[in-house]
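Open the model in your viewer and follow along. Each stop tells you what to select and what is there.

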Amino acid sequence: MLTFVFLLLLLIGALALAYVNASGRAWGMAAVVALAISWGAHLFPLALNLLATVAIISLGLALAVPTLRRALISDAVLKVFRRLMPPMSSTERDALEAGTVWWDGELFSGRPNWRRLLDAPRPVLTDEEQRFLDNEVETLCGMTSDWETTNVYKDLPPHVWAYIKDKGFLGMIIPKEYGG
């Protein structure tokens, strides 16, 4: 009966440590205390206590020593993880290698360098981009009405969707050589 109570308390303790997201040190101390109680109270046969002690010491060393952890645990987990994850697409790689957050990072840090923003050159549209804004975008804006969109169709009218598709609004970020 005492062994059952000990195992139940051990389970409750482990759940409590997991719930509070306890550090590795706290888990280690809890394991040492549990082993000491197990040895002191003679709750298990000698062979089982020895096995538990060797297992906890081995696991503790594997987790505490970075080179052991990497060799015994991290590399194996990474290998499984790489096998499960799909390969990175070229678009994802481009996004990751695109650069930094530039001035936005300063803004969200709470201490932006306003001079850096004001000194940045203003973006300039190409003639083609300006022509698109002056013609196709103006035409599109003239074709839509708030009343039709919100009360009649509860969406853009079909002729507006057709215009958007025909004039290439949905493919603006796709390079022209690929149909954008």
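## Stop 1: the end of helix 1

Select N21, which comes after helix 1 and has a positive phi, near 55°. Keep in mind that this is a predicted model.

Now select helix 1 itself, residues 2-19. Helix 1 has 18 residues. From first C-alpha to last, helix 1 reaches 25 Å, close to the 26 Å expected at 1.5 Å a residue.

## Stop 2

Step back to M1, in the segment before helix 1. Is M1 buried or exposed? M1 is exposed, because its relative accessible area is 78% and the cut-off for exposed is over 50%.

A helix rule is handy here. An α-helix has 3.6 residues a turn, so residues three or four places apart point the same way.

## Stop 3: the largest pocket

Next, select W27, A30, A31, V32 and I56. Of the 30 residues lining the largest pocket, these lie nearest its centre. The space in this pocket is about 910 Å³.

Which elements give two or more residues to the lining? They are helix 1, helix 2 (24-41) and helix 3 (46-64). Colour helix 2: the largest share of the lining, twelve residues, comes from there.

## Stop 4: the salt bridges

How many salt bridges does the model have? The count comes to three.

Start with R116 and E106. Their closest N and O atoms are 2.6 Å apart. R116 lies in helix 7 (residues 114-119) and E106 in helix 6 (residues 102-109), so this pair ties together parts that are ten residues apart in sequence. R116 is partly exposed, with a relative accessible area of 36%.

Now pick R115 and D119. In this salt bridge the closest N and O atoms are 3.2 Å apart. Both residues lie in helix 7, four residues apart, about one turn of the helix. D119 counts as exposed, at 52% relative accessibility.

Finish with R131 and E136. Their side chains meet in a salt bridge, at 3.3 Å from N to O. Check the cover on each partner. R131 is partly exposed, at 39% relative accessibility. E136 is buried, because its relative accessible area of 13% is under the 20% cut-off.

Conventions:
Residues are numbered from 1 along each chain as its sequence is written. This is a predicted model: local features need pLDDT of at least 70, side-chain atom pairs count only at pLDDT 80 or more; totals for chains, interfaces and linings use all residues. Side-chain values use heavy atoms; hydrogens and water are left out. Buried means under 20% relative accessible area, exposed over 50%, partly exposed in between (1.4 Å probe, protein chains only). The expected span of a helix is 1.5 Å times one less than its number of residues. On a 1 Å grid over the protein atoms alone, a cavity is a set of points where a 1.4 Å probe fits but cannot get out, and a pocket is an open set with protein on both sides within 12 Å along at least five of seven lines; lining residues have an atom within 4 Å of a point. Grid points are joined across faces, edges and corners, and a volume is the space filled by probe spheres set on the points. A salt bridge is a side-chain nitrogen of Lys or Arg within 4 Å of a carboxyl oxygen of Asp or Glu.
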